[in-house]
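Please keep the view open beside you as you read.

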Amino acid sequence: MSPQMIDRLWQAGLDTLVMVAASAGIAVLVGLPLALFLVTSGPRGIFPAPRTNRVIGTLVNGFRAVPFIVLLVALIPFTRLVTGTTIGVWAAIVPLAVSATPFFARIAEVSLREVDAGLIEAAQSIGCRRRHILAHVLLPEALPGIVAGFTITLVSMIGASAMAGAVGAGGLGDVAIRYGYQRFDTTVMTAVIAILIALVCLVQLAGDTAVRRLRAR
Amino acid sequence: MLGLAFHGIHDPVRWDTASARPIPAARTATAGGAAGTVRFEAVSKTYRSASGTVQALDAIDLAIPAGTIFGIIGRSGAGKSSLLRTINRLEEPTSGRVIVDGEPIEALDADGLVALRRRIGMIFQHFNLLSAKTVRQNVALPLAVAGVPKAEIGPRVDEVLRLVGLEGKADVYPSRLSGGQKQRVGIARALVTRPAILLCDEATSALDPEATLAILGLLRDINRRLGITIVLITHEMSVIREICSDVVVLERGRIAETGPVWRVFGQPEHAATRALLEPLSRDLPEDLAARLRSDRTAGASLLLRITCAGEALDLAALTGAAGAPVRLIQAGIDRIQGRAVGRMIVAIAGAAPEVEERLRVLGGEIERIGYVAADD
């Protein structure tokens, strides 16, 4: 591999990291409140709003149903509105975040739902208000599951970010397609795959360690 | 709202950290009734589900005096849990009123409800401790969410942990504790706000017999030392017999009977009570039970179960009144809350049909079990 190619791989790796990190951050900031809303606004929840709950739930399902590659194209007007451009790393972050947020919200929702209703009842019995129940019961008790779910989200986003090359976002997937696939450069292809495998393993290992620490209590 | 003000968690008078004993003034200064009383007035609860409506509680009228250990028993589905949960409004009655410390609680707004719940502790069958918090953080939570300053929380938590015998366990997580220890944490958490009432929801049902006795002993101790009213629900008659002073038997959402435990258990009047007591009562030996008939045949012996609360039955008088040979099949004395309750099963050979009437004058309760043919 030429020094230029190594440079290119290095830059592509950084681009992937930026895309995944930024959109993962947005997915947590938006997805976690969304998950809390979905869990607590059901008919028997602590903030009952069944109608809004159904609307938001349907909306989340709608975004989850659209394949990422379609979302990437369909969101182009919205992306331009937000970032002022439709190509590059920052333009890819918008569809990535839009795709990852409902995904993460559903996964976090499952963990939050698994919190024993008895714990919420106990919290109410000791005079907890609803915000106390969010802060002291729902979030801390569901945290190991939420972290595990975030790990899954990160891994699937690393995969999705490879598709972002379609809008000229760069990143490892872009390099693999342009050099590895279209120019039949097997070395580059192998290198990209090796880097992606290492990245995914690293994320999974970090996530698993964090979950084990949290569950050890 | 006068009562709430006096029970306010910030009231400095109540923070006597030197002893676990609450300040008497805080106990009695409630408008319209002593602290620690609960009154149910025609409380009904109906659940609606897809399969129709279920009447969980049906016009319950009941008064729980301050300082008692009050047991609520009944078969599963009798409405015990619903009744208990109306006291701190974890369950809202469909109709009727619940009056705590002389104050109707159905009108309380969100703030009033939070204040009420801080005056009522509650412990649960499955403990319901927060796994992400240490013992200390669990016990401190009721004070922390009430905005009590940190400097006051620490000593108070140490104090209740001492009270329940968990001094050394403050900084471990609940998953490291045994069932009995977890329930002690639950009790400490319930007591940390110095409530006047403690609700126990099947508090010993998930514990082994040894831990059950220890927890019941602790509850009795707390009741005596702090004067807290304890309301407990259980399906175990032995729990009621061990610590309760009064009991109410629920059957299909209604009160079957209520009164002091020694009387209700000694001379149960309702079929539901008898059914619940069945496992406790010494029953008929198997060989006799197999030969039991409901109709009288020539030479058959009449089997009677005699229960007498309080005083012992005079055996000589029994034989005399029966006017026929009386054979003792089984006899024993149970101690219920310090009172003796005698039970015996006797067989009377060739008894006249009116023998039960004649025996009744001796006192005690007589129940006909059946006849056993005289082939032995």
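1. Let's start with the record: the unreviewed UniProt entry places the feature "transmembrane region" at residues 20–40, 61–81, 87–105, 142–167 and 187–207 of chain A. Please bear in mind that the model you are looking at is predicted.

2. Two of these spans are worth a look. Residues 20–40 of chain A are 100% helix and 0% strand, with their end C-alpha atoms 29 Å apart. Residues 61–81 of chain A are 86% helix and 0% strand, and here the end C-alpha atoms lie 24 Å apart.

3. Now turn to where the chains meet. Here 18 residues of chain A are in contact with 23 residues of chain B. The two chains bury about 1,900 Å² between them, and carbon and sulfur atoms give 56% of that area. Of the area that chain A buries against chain B, 33% comes from A:S125, A:I126 and A:R217, more than from any other three residues.

4. How many salt bridges are there between chain A and chain B? The count is two. In one salt bridge, the side chain of A:E121 meets that of B:R85 at 2.6 Å, N to O.

5. Which helix of chain A gives the most to the side that touches chain B? That is helix 6, with six residues. Helix 6 (117–125) and helix 7 (130–163) each supply at least two residues of this side. By class, the side of chain A that touches chain B has seven nonpolar, six polar and five charged residues.

Key: Residues are numbered from 1 along each chain as its sequence is written. Chains are lettered from A and ligands numbered from 1 in the order in which they are written. This is a predicted model: local features need pLDDT of at least 70, side-chain atom pairs count only at pLDDT 80 or more; totals for chains, interfaces and linings use all residues. Side-chain values use heavy atoms; hydrogens and water are left out. Contact means heavy atoms within 4.5 Å. Buried area is the accessible area (1.4 Å probe) that two parts lose on being put together, summed over both. A salt bridge is a side-chain nitrogen of Lys or Arg within 4 Å of a carboxyl oxygen of Asp or Glu. Helices (H or I, at least four residues) and strands (E, at least two) are DSSP runs, numbered from the N terminus. Ala, Val, Leu, Ile, Met, Phe, Trp, Tyr, Cys and Pro count as nonpolar, Asp, Glu, Lys and Arg as charged, and the others, Gly among them, as polar. UniProt positions are given in the numbering used here, feature names are shortened, and annotations may be inferred rather than shown by experiment.
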